[in-house]
Amino acid sequence: MIPRHKSQLLRDRLDQFPAVALLGPRQTGKTTLAKVIAEERASIYLDLESQADREKLSDAAPYLSGHAGELVIIDEVQRAPELFQTLRGLIDQGRRRGIRAGRFLLLGSASIDLLKQSGESLAGRIAYVELGPLTVHEVGAALRDELWIRGGFPDSFLADSDDASAVWRENFVRTYLERDIPQLGPRVPAETLRRFWTMLAHMQGGLLNAARLARSLAVDGKTVARYLDLLVDLLLVRRLQPFHVNVGKRLVKSPKLHVRDSGIVHALLGLDDRDAVLGHPVAGGSWEGFVVENLLGAAPERVKPWFYRTAAGAEIDLLLEMPGGDLWAVEIKRGLAPRLDRGFHHARQDLDPNRSFVVYSGDERYPAGEGVEAIGLEELTSLLAAA
């Protein structure tokens, strides 16, 4: 098993809160990590995709009360949103008996129902930990390019060959479209949603243009917004918001969109190996999205991510607002000899960040001039993980 960066955070939150929700897309390793945690303390595991386990929870309160001294792990909890009200009562009963932490670990493949229900009934009683696909901080710098091409879903990354990885990702996309999404919300035609997802892959790292997407799909803007909200809530797409500050300049207000796993980007576009990716116009946007997701996967819990762009062309690919208030500026370049654009320097003059980096494809760290450090992706993820 590849050790996961979020494992210690998960343990810390279980020691602090009565309920912890471990959220992430399917197949990111949530169940594997939960079972590692289960080996460390008295626990039971329930999978709501199992008929037998659903039967156990048909009258949940007395069953769960019988396991008050154990960590109860409930997998695919979004399948039973009615459980949250029961969990609230059990948590409050436990608090009165002095049991204040480590009662429930809830695993969810989507945040839609889970966040809605917990927001109503478990406020103040639950913490959230997001487990995304594997990152370069977890697999090591030597496997960075393989991770970029195949993506970070463990079964895709660890496949025996590029072909096997591509087949896995294609079936992952199909399963989401045909099975998982219909279970979670209003019916969306699978073919239409695949076209939309593929369009987002083509414009990886681009600004949201809802009107253009609506015209391409022959739907209205509200429908595009609904499709986008669905993929964002499923943690499959990131909507990176612009950083707003009063600098006396006209700022871009549209969010940037990234399909969050680079391997899924390549699968949607039919790019099965490194040569195919490097020969496609999406290569730059794919690398940018890959770097963004790796940095955010390693960043401290309360980091706020943004991007910055003015109408005149000043731009920073990623701004990290650190928990202590410091601002880190990150420019992303795919080559081995990164050259910084004038727009990046103008943006730094606007914002005066505390630290500035250009992430590139090499590993050496060196000054890139004017207060900017050139740095490899693995080293910057390590810096963020230690921050």
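Which residues in helix 1 meet which residues in helix 2? Let me start there. Keep in mind that this is a predicted model.

From helix 1 we have Ser7, Leu10, Arg11 and Leu14, and they meet Leu33, Val36 and Ile37 in helix 2. Sorted by class, this contact has five nonpolar residues, one polar and one charged. Helix 1 covers residues 7-14, and its axis comes within 11 Å of the axis of helix 2, crossing at roughly 55°. That angle makes helix 1 oblique to helix 2. The crossing is right-handed.

Strand 3, residues 71-75, and strand 4, residues 104-108, are joined in the parallel sense over three bridges. Within that pairing, Ile73 stands opposite Leu105 in strand 4.

Next, aromatic rings. The structure holds 10 aromatic pairs. One of them is Phe153 with Phe172, a tilted pair with 4.5 Å centre to centre and 45° between the planes. Phe153 lies in the loop between helix 8 and helix 9, while Phe172 is in helix 10, so the pair ties together parts that are 19 residues apart in sequence.

Another helix pair: helix 11, residues 190-202, and helix 13, residues 221-233. Their axes are 11 Å apart, and they pack at an angle of about 75°. Helix 11 and helix 13 are therefore roughly perpendicular to each other. On the helix 11 side, the contact is made by Thr192, Leu193, Phe196, Trp197 and Leu200. Helix 13 contributes Val224, Tyr227, Leu228, Leu230 and Leu231. By class, the contact of helix 11 with helix 13 has nine nonpolar residues, one polar and no charged.

Six strands form an open sheet in the order 8-9-10-11-13-12, and the pairing is mixed. Strand 8, residues 304-309, and strand 12 stand at the edges with a single partner strand each, so one side of each is left without a neighbour in the sheet. On average, neighbouring strands of this sheet are turned by 35° against each other, direction ignored.

Strand 8 pairs with strand 9, residues 315-321, in the antiparallel sense over five bridges. In this pairing, Tyr308 has Ile316 in strand 9 as its bridge partner. Pro367 stands opposite Glu373 in strand 13. Their hairpin has two residues between the strands, and Glu370 takes a positive phi near 55° there.

Helix 16, residues 283-298, lies across strand 8, strand 9, strand 10 and strand 11, running at about 150° to strand 10. Helix 17, residues 342-351, lies across strand 8, strand 9, strand 10, strand 11 and strand 13, at about 40° to strand 9.

Conventions. Residues are numbered from 1 along each chain as its sequence is written. This is a predicted model: local features need pLDDT of at least 70, side-chain atom pairs count only at pLDDT 80 or more; totals for chains, interfaces and linings use all residues. Side-chain values use heavy atoms; hydrogens and water are left out. Two strands pair if DSSP finds at least two bridges between them. Helices (H or I, at least four residues) and strands (E, at least two) are DSSP runs, numbered from the N terminus. Axes are lines fitted to C-alpha atoms, for helices over the stretch in contact, and angles run from 0 to 180 degrees between N-to-C directions. Angles under 35 degrees count as roughly parallel, over 145 as roughly antiparallel, 65 to 115 as roughly perpendicular and the rest as oblique. A crossing is left-handed if the near helix is turned anticlockwise from the far one by less than a right angle, and right-handed if clockwise. Contact means heavy atoms within 4.5 Å. Ala, Val, Leu, Ile, Met, Phe, Trp, Tyr, Cys and Pro count as nonpolar, Asp, Glu, Lys and Arg as charged, and the others, Gly among them, as polar. Rings of Phe, Tyr and Trp (its six-membered ring) pair if their centres lie within 6.5 Å; planes under 30 degrees apart count as stacked, over 60 as edge-to-face and the rest as tilted.
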